[in-house]
Amino acid sequence: MISEKMKYMVANGSAIRAMFEEGNRLIKLYGAENVFDFSLGNPNVPAPESVKSALIEIVEETDPIVLHGYTSNSGYADVREAVAESLNKRFGTNFAGKNIIMTVGAAGGLNVILKTLLNPEDEVLTFAPYFVEYRSYVANFGGKLIEVSPNAPTFQPKLDEFEQKITPKTKAVIVNTPNNPTGVVYSEDTIQKMAAILEAKQKEYGTEIYLISDEPYRELVYDGVEVPYLTKYYDNTIVGYSYSKSLSLPGERIGYLVIPDEVTDSELVVAAATVANRVLGFVNAPTLQQKLVAKCLYEETDLTYYNRNREALYGGLKECGFECIKPEGAFYLFVKSPVANEKEFCEAGKKYNILMVPGSSFACPGYVRLAYCVSYETIMNSLPKFKELAKEYF
Ligand SMILES: Cc1ncc(COP(=O)(O)O)c(C=O)c1O
């Protein structure tokens, strides 16, 4: 028989995945053009052309024994150095290859760093709404996820509550900006205040509190908004990055962790994270993808496609009478449900073949998430349906 913990997880499966399956069922019944599936954050902009040519070049030019062989658990040395150099150029940081660990996407990186840091019963703080998998990732290592409640309608972090919830057991804080599911970007002022709170609490308790910046959406920002690079504001910062969204490579499972020298016991943290990568069974990040991202470090994400979707969906929903803030980043809209129970609203949407994810999946009931990484036609064709849906409420 499977474990008790897994029994619970199987019984409480992901609402997002369930919605995705529902989308496939509806497509079979009504045809893809009549189904408006806003459930999944799967990029629909193809990877840049340069990705394809780089892949071909790598396969043709690299000794296959090297290319497809095991590598160091932290990744190829030349790739780690190239990543560090690109970050230094962009953000004025001072990283070297030794500060970088190549990971199996952001999800792999988060699991590696949580395994590295957590003792059982350690607390990890995060701000609701948040990426639902954080709960599982923290539980994987016996930690406890502590939520700071949502700050509607702006969804900027509630720093007073944050400060109150830090205890001597707080080992880490996970922030995600640009944010899934709200699209909110935390301002420099917010980050400075958060850093000051963490410094003071570290001193008060004589502990280390690690700030983990989960950044798969770093490149997806609109209207020239700046996303502060968090290692510059607080020494005990660890960055988890991913190419899933920026290069549209979610299935390839490639990303990295940055563990700067300024992190307390940095060398030991790097050594432990390297072992964690191995013993969690990742062994090393996919070798072909490591070589690929090293060739595409200066590739810029084309945002025009997502931006057009953002404008069309945001404008269209506001016109219907729905309430939501305009997202500054990522590819999600977080819309206030017109009824308190947002699951009811999601069910009502299904009558029009509109699929949305309930906010309770992100610890924020009363809202729904729409992923606008869909075709522009899907958005335009969905708007009359949203109008009909709105008529049920306004
Ligand atoms: C906030 C957040 N963190 C982490 C991940 C995992 O990303 P990856 O595909 O790089 O593992 C996602 C994926 O959607 C996400 O939204």
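1. Cavities. The model holds 2 cavities of 30 Å³ or more. Here a cavity is a set of points, on a 1 Å grid over the protein atoms alone, where a 1.4 Å probe fits but cannot get out. Lining residues have an atom within 4 Å of a point. Grid points are joined across faces, edges and corners, and a volume is the space filled by probe spheres set on the points.

2. Basis. This is a predicted model: local features need pLDDT of at least 70, side-chain atom pairs count only at pLDDT 80 or more, and totals for chains, interfaces and linings use all residues. Residues are numbered from 1 along each chain as its sequence is written, and side-chain values use heavy atoms, with hydrogens and water left out.

3. Ala, Val, Leu, Ile, Met, Phe, Trp, Tyr, Cys and Pro count as nonpolar, Asp, Glu, Lys and Arg as charged, and the others, Gly among them, as polar.

4. The second largest cavity. Its volume is about 40 Å³. Among its lining residues are Thr126, Phe127, Tyr130, Ile174 and Val175. β3 and β5 are the elements that give two or more residues to this lining. The classes here are 6 nonpolar, 3 polar and no charged residues.

5. The sheet. An open sheet of 7 strands runs in the order β2-β8-β7-β6-β5-β3-β4, with mixed pairing. Strands are DSSP runs of E, at least two residues, numbered from the N terminus. Two of them pair if DSSP finds at least two bridges between them. At the edges lie β2 (100-103) and β4 (144-148), each pairing on one side only. Neighbouring strands are turned by 20° against each other on average, direction ignored. Axes for such angles are lines fitted to C-alpha atoms.

6. The β3 and β5 pair. β3 (residues 123-127) and β5 (residues 170-175) run parallel, joined by 4 bridges. In this pair, Val124 stands opposite Ala172.

7. Cysteines. There are 0 disulfides, a disulfide being a pair of cysteine sulfur atoms within 2.5 Å. Cys320 is in none; its nearest cysteine sulfur, that of Cys324, is 11 Å away. Why does Cys320 count as buried? Because its relative accessibility is 12%, and buried means under 20% relative accessible area (1.4 Å probe, protein chains only). Cys324 also counts as buried, at 10% relative accessibility.

Terms used:
Buried means under 20% relative accessible area, exposed over 50%, partly exposed in between (1.4 Å probe, protein chains only). Axes are lines fitted to C-alpha atoms, for helices over the stretch in contact, and angles run from 0 to 180 degrees between N-to-C directions. On a 1 Å grid over the protein atoms alone, a cavity is a set of points where a 1.4 Å probe fits but cannot get out, and a pocket is an open set with protein on both sides within 12 Å along at least five of seven lines; lining residues have an atom within 4 Å of a point.
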